[in-house]
Amino acid sequence: MNNDLLQIISKFDIDGSIGSIEPFGGGHINDSFRALNTSTQSPNYFLQRINHHVFKDVQGMMSNIRSVTEYLYDKYCKDAAGGEEMLALKIVKTLDGELYSKFGDSYWRLYYLIEGLKSIDVPSSADIVFEGARGFGQFVADLHHFDATSLTDTIPYFHHMPRRLKRFEEVVSEVKVEKTDEKQAVEFVRKVGDELCELQRLLDRGSLPLRVTHNDTKFNNILFDKNNKARCVIDLDTVMPGLVHYDFGDGVRTSTCTSDEDESDLDKVDIDMDFFEAYTSGFLEDTRGILSNLETQTIVEGALMMPFIMGVRFLTDYFEGNIYYKTAYPTHNLVRAKCQLELTRKMLARKADLISIVKKYS
Ligand code: ADP
Ligand code: GN1
Ligand code: MG
């Protein structure tokens with residue numbers, strides 16, 4: 001076992017004795033490890049190195065997570081009935097009572113490992129899509145009365161589409177866009193960019209409310225039990241004030257697409273309309289009662305914007321030299337961008353059908 005990891009975990013208030021610490025999970029930003037206890041009487045843990053280049057205000061982010069998880073923990077424990085209730089992540093503090101620990105140049109946090117639950121990268125049925133969406137919707141509904149203004153913006157302007165486009169243009173102006181596929185991607189961003197800033201315009205006008213949203217509702221950020229029931233929303237780094245559209249949209253992006261996020265064969269990239277219907281009905285199940293008419297009427301804009309903003313972010317990172325996302329090969333971000341932009345294009349072509357489906361469940 002890595003000695004540094006053992007030293008790091010020993011700074012936290014843990015029980016028992018750790019027998020192994022192994023890499024776990026494969027996100028693009030943080031590094032995660034599972035720490036197993038030697039004794040079954042003591043809990044197992046989930047250790048993460050926080051990417052502080054991305055999350056610059058580590059204290060602010062950890063206090064957001066603490067207040068939201070404590071709020072949910074309280075709610076779920078009170079509501080608990082029959083072992084099918086939702087669960088909340090629980091932070092393990094350091095021996096000094098802090099929410100994270102600094103070791104050399106890096107920042108670390110610890111959660112209890114939630115036993116017996118699994119994440120699903122690619123849902124295999126509409127039922128699973130429905131259930132994941134229901135869980136993400138419940139998360140927003142459960143935080144309906146939580147004061148969004150008490151939370152720090154962990155990444156300022158995270159989903160501010162006009163700013164993402166401005167940064168994209170700055171980066172593009174400093175590089176040579178030479179290859180045909182790069183040029184096509186840039187042209188597409190310029191062609192549809194303004195249309196996909198609609199949510200920001202509505203927000204700026206005060207027509208849509210800021211809520212507590214997750215902002216990274218990638219489908220594998222919700223854990224399922226053995227009966228495929230959604231039980232726990234995880235990966236809470238980006239929980240902050242946002243539009244419900246972002247949570248609807250990122251779940252759609254990652255659960256209803258017919259390919260992986262980085263598929264290079266663009267013919268394989270499309271939206272599965274049955275899965276979209278399942279996602280919509282699941283997400284609206286608990287949120288229907290709390291959303292304004294305009295939020296529901298415009299929620300499809302979130303499903304269109306999220307693949308697009310990801311396309312723009314991946315493309316920007318590619319032109320910037322792959323400094324933000326973990327990549328497996330030099331053109332990985334370009335491949336991801338082309339895939340996300342293709343998904344955007346195909347979804348835009350079906351916008352009227354997507355709106356009809358939302359109407360059916362509103
Ligand atoms: P990333 O930012 O890398 O996506 P996550 O916080 O989503 O990191 O964790 C990566 C994976 O680890 C998740 O998809 C899930 O499978 C698992 N995981 C995360 N937190 C826990 C936990 N507390 N208990 C059990 N498994 C977890
Ligand atoms: C990142 O950490 P992970 O892999 O869940 C990113 C999300 C993107 C996602 C794309 C803080 O999420 O915004 O949607 O990659 N998180 C951050 O796969 O930038
Ligand atoms: Mg994750």
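**Exercise 1.** In this predicted model, work out what span helix α3 (residues 126-142) should have, and compare it with the distance between its end C-alpha atoms.

*Solution.* Start with the count: helix α3 has 17 residues. Next, take 1.5 Å a residue, remembering that the expected span is 1.5 Å times one less than the number of residues.

**Exercise 2.** Decide how far α3 is enclosed by the rest of the structure.

*Solution.* First, recall the cut-off: a residue is buried when its relative accessible area is under 20%. Then count along the helix: 14 of the 17 residues of α3 are buried. Therefore α3 is largely enclosed by the rest of the structure.

**Exercise 3.** Now turn to ligand 2. Describe the residues around ligand 2 and say which helix gives the most to this shell.

*Solution.* Begin with the 18 residues around the ligand, of which H28, K218, E261, R313 and Y324 come nearest. Sort the shell by type: eight residues are nonpolar, seven charged and three polar. Then see where they come from: α7 (244-255) and α10 (299-320) each supply at least two. The largest share is that of α10, with three residues.

**Exercise 4.** Find side chains with an N or O atom close to an oxygen atom of ligand 2, and state how much of the ligand the protein buries.

- D216: 2.9 Å
- K218: 2.8 Å
- R313: 2.7 Å

Definitions and conventions:
Residues numbered from 1 in each chain as written. Chains lettered and ligands numbered in written order. Predicted model: local features only at pLDDT ≥ 70, side-chain atom pairs only at ≥ 80, totals over all residues. Heavy atoms only, no water. Near = heavy atom within 4 Å. Polar contact = N/O pair within 3.5 Å; in protein donor to acceptor, adjacent residues only side chain to side chain. Areas by Shrake-Rupley, 256 points an atom, 1.4 Å probe, with all protein chains shown as cover. Helix = DSSP H or I, 4+ residues; strand = E, 2+ residues; numbered from the N terminus. Nonpolar A, V, L, I, M, F, W, Y, C, P; charged D, E, K, R; others polar. Buried < 20%, exposed > 50% of the residue type's maximum accessible area, 1.4 Å probe, protein only.
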